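My notes follow in the order I made them.

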Amino acid sequence: RSIDKMDFSKQSDEKKAHFCKRYTIIGAFCLPFVWLTSLVIFSSFALKGEPSIHRTIVRKCLLLTLIGVLGWTVALIGWETTFQHARTMHAVWTETWSFLLPIGKF
């Protein structure tokens, strides 16, 4: 079945490390949800089992991924806080960026 091909528990350690590296690189192109997916999929592999070179690679990628996810989270929360504060202060630039309030209507 085609679903079994994406079951990472049945893949070799080398394939898991390869996919984790690939997800880390793809996430670097401003796709933080790929990083979040990578954290969910590979964290159990990285943290459980005997140490190996492949687990070390996955741990390194997951550490970079975690830093990226946290960075994006802080940036998005900071942006949303700034934008909502500026909207309550009736900043003109927020009118053109808002989908909720038509331009010129408060």
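Entry 1. I began with Thr-24 and skipped its neighbours within four places in sequence; the contacts left are Trp-35, Cys-61 and Thr-65. Contact here means heavy atoms within 4.5 Å. I noted that this is a predicted model, in which local features need pLDDT of at least 70, side-chain atom pairs count only at pLDDT 80 or more, and totals for chains, interfaces and linings use all residues. Residues are numbered from 1 along each chain as its sequence is written, and side-chain values use heavy atoms, with hydrogens and water left out.

Entry 2. I looked up where Thr-24 sits: it lies in helix H2, residues 13-27. Helices are DSSP runs (H or I, at least four residues), numbered from the N terminus, and strands are runs of E with at least two residues. Is Thr-24 buried or exposed? Its relative accessible area is 12%, so it counts as buried (under 20%; exposed is over 50%, partly exposed in between, with a 1.4 Å probe and protein chains only).

Entry 3. I turned to Thr-65, which is found in helix H4. Thr-65 is buried too, at 0% relative accessibility. Its side chain and that of Thr-24 are joined by a polar contact of 3.4 Å. A polar contact is a pair of N or O atoms within 3.5 Å; within protein, one must be able to donate a hydrogen and the other to accept it, and residues adjacent in sequence count only if both atoms are side-chain atoms. The Thr-65 side chain also reaches the backbone oxygen of Cys-61, at 2.7 Å. Beyond four places in sequence, Thr-65 is in contact with Thr-24, Trp-35 and Leu-39. I also checked Pro-32: it is 33 residues from Thr-65 in sequence, and the C-alpha atoms are 8.5 Å apart.

Entry 4. Next I took the helix pair H3 (residues 32-47) and H4 (residues 53-88), whose axes come within 9 Å and cross at roughly 145°. Axes are lines fitted to C-alpha atoms, for helices over the stretch in contact, and angles run from 0 to 180 degrees between N-to-C directions. Among the residues making this contact are Trp-35 and Leu-39 of H3 and Thr-65 of H4.

Entry 5. Last, I read the UniProt record, an unreviewed entry, which annotates residues 23-45 and 57-79 as "transmembrane region". Such annotations may be inferred rather than shown by experiment. In the model, residues 23-45 are 83% helix, with end C-alpha atoms 15 Å apart. Residues 57-79 are 100% helix, and their end C-alpha atoms lie 33 Å apart.
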